Amino acid sequence: MYRRIARILAATTAGATIATLGFTGVSPASGAASPAQAGTILTAITAAHHPGFDRLVFRFRGPLPRQRSARYVSKIIAPSGRPVHIAGSALLQVRFFPAAGHNDAGSVTFGPIRRAFALPNLMQVVAAEDFEAVLVFGAGLARHEPFHLFTLRNPNRVVIDIQTPFRTVRVGDWFLNTRRFRTGIPPDTQRVSRPVIPPSVAFGALQRLFAGPTRAERAQSLRFVASGATGFRNLSIADGVARVQLTGGCRSGGSTFTVANEIGPTLKQFPSVHWVKIYGPFGHTERPSGHSDSIPVCLEP
């Protein structure tokens, strides 16, 4: 069982070189602009909450990109033609040119290509493109709100302030604790705290779950096991039963620990939920009726 979980974790971990990133059309050797050509290298992405807004910062080595923009979009498509899956109710596309996010060896220069933030509005930032001196990121937000893009120097930074004119409440999300797994103890989950916008607190908790653990939480060995799912839809709660459908894929990989082990406690923290029925992407679950938990066949070991 533990080896099967290890394979699932390996499959959900992004590669460290640009050639392995799904958002690039090609590797640097087959046509992407080199850092020397771009002249501007992205070195860090950070974010923090301030009174009234979340601040997202892109830090660069070299001159600022001549073109920098941000706009709300309905979806982001990678150069490969595949959609980039990003958690959130609103999607902000951020684009830089000319700029690169890798060095001459092909290694990413700005850290994780997919990262979560436990901020009131900003929940996830995902790299979508690093090709021919174009850098594109998607920022998943809890709510569509006005934003302001500007630059700072010494060091060179592009800053986006996203307004947060709403209140939030704290809820829990449960992720796999891989430290316990490594020590030979049966796989277990660990609770983390997230801000969500009421009254849709169960919906917000699941959004934050699919955004994954923050960088600090990953350093504490927490991981999100997606089991091939890219998101969820059709969340409903009635008569003590929460029902939710996975989107994208669905596979257990032969493991007894799946996304169901994270969705279950995340939804059952709410007093109105006693049972959780998870449906696969095609709308099926093993026990659709009655007061009981249920998972789709695709999540069976």
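1. Phe60 and Phe96 are both buried in this predicted model. For Phe96 the relative accessibility is 0%, and the residue therefore counts as buried, the limit being under 20%. The rings of Phe60 and Phe96 form an aromatic pair with 5.1 Å from centre to centre and 80° between the planes, an edge-to-face arrangement. This pair links distant parts of the chain, since Phe60 lies in strand β2 and Phe96 in strand β4, 36 residues apart.

2. The structure holds 9 aromatic pairs. Another of them joins Phe58 and Phe96: the ring centres are 5.1 Å apart and the planes stand at 65°, so the pair is edge-to-face. Phe58, at 0% relative accessibility, counts as buried.

3. One aromatic cluster is formed by Phe58, Phe60, Phe96, Phe110 and Phe137. Strand β2 contributes Phe60, and strand β4 contributes Phe96.

4. The count of disulfides is 1. The bond is formed by Cys250 and Cys298, whose sulfur atoms are 1.9 Å apart. The angle about the S-S bond is 80°, and the link is right-handed. Distant parts of the chain are again linked: Cys250 sits in the loop between β14 (241-248) and α6 (260-268), and Cys298 in the segment after β15 (275-279), 48 residues apart.

5. The two cysteines may also be described by accessibility. Cys250 is buried, with a relative accessible area of 16%, whereas Cys298 counts as partly exposed at 27% relative accessibility.

Terms used: Residues are numbered from 1 along each chain as its sequence is written. This is a predicted model: local features need pLDDT of at least 70, side-chain atom pairs count only at pLDDT 80 or more; totals for chains, interfaces and linings use all residues. Side-chain values use heavy atoms; hydrogens and water are left out. Rings of Phe, Tyr and Trp (its six-membered ring) pair if their centres lie within 6.5 Å; planes under 30 degrees apart count as stacked, over 60 as edge-to-face and the rest as tilted. Buried means under 20% relative accessible area, exposed over 50%, partly exposed in between (1.4 Å probe, protein chains only). Helices (H or I, at least four residues) and strands (E, at least two) are DSSP runs, numbered from the N terminus. A disulfide is a pair of cysteine sulfur atoms within 2.5 Å.
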